[in-house]
Amino acid sequence: MEGIKAILEELPKYRNTVEFCCYADYGLFTDPVYKLGGEKCTMQIPPYEAVKGILMSCYWKPTITWVIDAIRVMNPIQTEVKGIRPIMYNKIIKKGKIKINDLSYYTYLKDCAYQVRAHFVFNENRPELAADRNENKHHNIAKRSIEKGGRRDIFFGARECQGYVESCVFGEGEGHYDSIARLDFGTMYHGITYADEAYSNETRGKLTVRYAPVTMKHGIIAYLKPEECSITRTVRNMDIKPFGVKESNFTPVECLDEEGERIVTS
C-alpha cells in the first residue's frame, strides 16, 4: 500500500474532481483506427476516450470538457472469446427478404472494474455558452448524477456490454495489481479530438486521433492529457456545430458557494 499512497500523493486533485467506480461483466474496447471489420478484439485496458464516454453518460453539457486524470484497475485483466452471429446487412435474399447471419469470434474483457478520478474544464471553443460557465453548478450536478448511477445507459465499449457506476473514494479498497510496481502496455489508442474540443492550431477545424504510451504503476494508470499526446493523426476536416444559445436563455438562480455564502448566478 505504500506504493499506492506515493502515487496518490503525486496525482492532482482539483476542486471540481469527481471519483467513481465503474464495473461490468464484459468490455469490448477496440481501436477505431485499426478496426476494419470482421472479428473484434478488445484492448487490455479501457482507453482514455472510453472512460471519458462513461463519464459523459453520467453527466455532460457542451459547456464543459471532461478530463480523465487516472483509473485504478481493480480486477485481474482476463479475456473471454465468444462466438457471435452478426447480421450481414449487405447480403439479403431478394425473394423472402431474409437477412443472413455471419459467424465471428469476439474477444471480450471479463469482469471489468475500475476506479476513476476526473475533473472538468470549460470548453473555450464554445463562446456562445459562456453564460453557463458555473463550476459549482456543474460539479454538484455531476456528483448527484454519479450517485444515481448516471443519466444514460453505461456501456463498456460496445452496446452489448452493459456497465454500472457508483460513487467511491479513489484509492480505497484492495486492487489486484497493488503489489506490481510497473506494467507497460506500450503505445495505445488514447482518444479522438473533435473540432469543438480543439486545443491547438493543428487540431482546430479537424478530426484528430491521438496515441500515447500507457504505463500502470501499482494498479493505477495516470493518463496523459489530450494536449500532451505527441502521436496524432488528422483524419479529416470538421466544423463546429453551434448550439445557438443566447445569454438571455439562462435565468439567474440563487445557490451556495463552497463557503456557504449565497450567490446569484446564471
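A: Lys-13, Glu-19 and Arg-117 are joined in a network of salt bridges, a salt bridge being a side-chain nitrogen of Lys or Arg within 4 Å of a carboxyl oxygen of Asp or Glu. The model is predicted, so local features need pLDDT of at least 70 and side-chain atom pairs pLDDT 80 or more, while totals for chains, interfaces and linings use all residues. Residues are numbered from 1 along each chain as its sequence is written, and side-chain values use heavy atoms, without hydrogens and water.

Over the whole structure, 13 salt bridges are found. One of them joins Glu-135 to Arg-15, at 2.6 Å from N to O. Glu-135 belongs to helix 3 (residues 135-147), and Arg-15 to the loop between helix 1 (2-10) and strand 1 (18-27), 120 residues apart. Helices (H or I, at least four residues) and strands (E, at least two) are DSSP runs, numbered from the N terminus. Arg-15 is exposed at 58% relative accessibility, whereas Glu-135 is partly exposed at 22%; buried means under 20%, exposed over 50%, and partly exposed in between (1.4 Å probe, protein chains only).

Lys-61 and Asp-132 form another salt bridge, with their closest N and O atoms 3.0 Å apart. This pair spans 71 residues, from the loop between helix 2 (48-58) and strand 2 (64-73) to the loop between strand 6 and helix 3. Asp-132 is buried at 1%, and Lys-61 is partly exposed at 25%.

Glu-80 and Lys-110 meet at 3.5 Å, N to O. Glu-80 is partly exposed at 24%, as is Lys-110 at 34%.
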